[in-house]
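Please keep the sequence and the 3D structure side by side while you read.

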Amino acid sequence: NAAGGACAVADAVWKGQARHGLALTRPPGHHTTHSQGMGFCLLNNIALAAEYLIGQAGLQNLAIVDLDVHHGNGTQDIFYRREDVFFISLHQWPLYPGTGRIEERGEGIGAGTTANIPLPPYTGDQGYLAAMDEVVIPLLESYQPQMILVSVGFDAHWRDPLASQLLSALAYAEMISSLTQFSHASCESRIALFLEGGYDLEAGTACLTGCVSAL
């Protein structure tokens, strides 16, 4: 199943059996909270992979970068009060599910390990790439995770019917390339991608091809 495959991919990358990883997870998962499925999501695949790495492989800190056009409220909810997972989300604002304000930064020992980057409609390639270079990568450099997990939803693409961020497949490839280069420099090339949303088949094909090329 999707959740089991997500854990298997994460485990293979962590153990060095694969240099990078891509889990073709369907249905998506990042809206699922501790106790509730929502937004087409049943199990939170990337959160379960993170829990597997922490519980079974003994990681002490990892990062989740969420590139889906919708805020990953479920993933944030699961790790909001913890310091062993740094959750970073780029998402359209306002948009479903209505969470992901910049003020949401974690609580308790997790204060500061959530970073939301809400972006207005029609941000486009240059805005996303600037956010990646000027915000996401510096945050990762500061946190120094042992591995990077990426929620990669293709619903920010210009063809997608549910949002209006107008990204190209090339922009997705460049964002994954930036994260992959960071992983080479800082966490022994350990990076794994997990599919989230995306509701146009041609866009999904182009974006996935770009992401695989970037890996």
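1. In this predicted model, helix α5, which spans residues 169–186, packs with helix α6, residues 201–214, at an angle of about 25 degrees, and their axes lie 8 Å apart. Because angles under 35 degrees count as roughly parallel, α5 is described as roughly parallel to α6. The crossing of α5 and α6 is right-handed.

2. The residues through which these helices meet can be picked out by name: α5 contributes A169, Y172, A173, I176, S177 and T180, while α6 contributes A206, C207, G210, C211 and A214. Sorted by class, this contact of α5 with α6 holds 8 nonpolar and 3 polar residues, and no charged ones.

3. Turning to charged side chains, the count of salt bridges comes to 7. Side chains of opposite charge can pair when their charged atoms come close. R81 sits in the loop between α3 (73–79) and β3 (85–92), whereas E107 sits in the loop between β3 and β4 (114–119), so that the pair, 26 residues apart, links distant parts of the chain. With a relative accessibility of 37%, E107 counts as partly exposed.

4. A second pair to inspect joins D200 and R159, whose side chains meet in a salt bridge with an N to O distance of 2.8 Å. This pair also links distant parts of the chain, 41 residues apart, with D200 in the loop between β6 (191–195) and α6, and R159 in the loop between β5 (148–152) and α5.

5. Which residues are linked in a network of salt bridges? The network consists of E51, R82 and D84. Within it, R82 forms a salt bridge with D84, the closest N and O atoms being 3.1 Å apart. D84 has a relative accessible area of 16% and is therefore buried.

Key
Residues numbered from 1 in each chain as written. Predicted model: local features only at pLDDT ≥ 70, side-chain atom pairs only at ≥ 80, totals over all residues. Heavy atoms only, no water. Axes fitted to C-alpha atoms, helices over the stretch in contact; angles between N-to-C directions. Helix = DSSP H or I, 4+ residues; strand = E, 2+ residues; numbered from the N terminus. Parallel < 35°, antiparallel > 145°, perpendicular 65-115°, else oblique. Left-handed = near helix turned anticlockwise from the far one by under 90°. Contact = heavy atoms within 4.5 Å. Nonpolar A, V, L, I, M, F, W, Y, C, P; charged D, E, K, R; others polar. Salt bridge = Lys/Arg side-chain N within 4 Å of Asp/Glu carboxyl O. Buried < 20%, exposed > 50% of the residue type's maximum accessible area, 1.4 Å probe, protein only.
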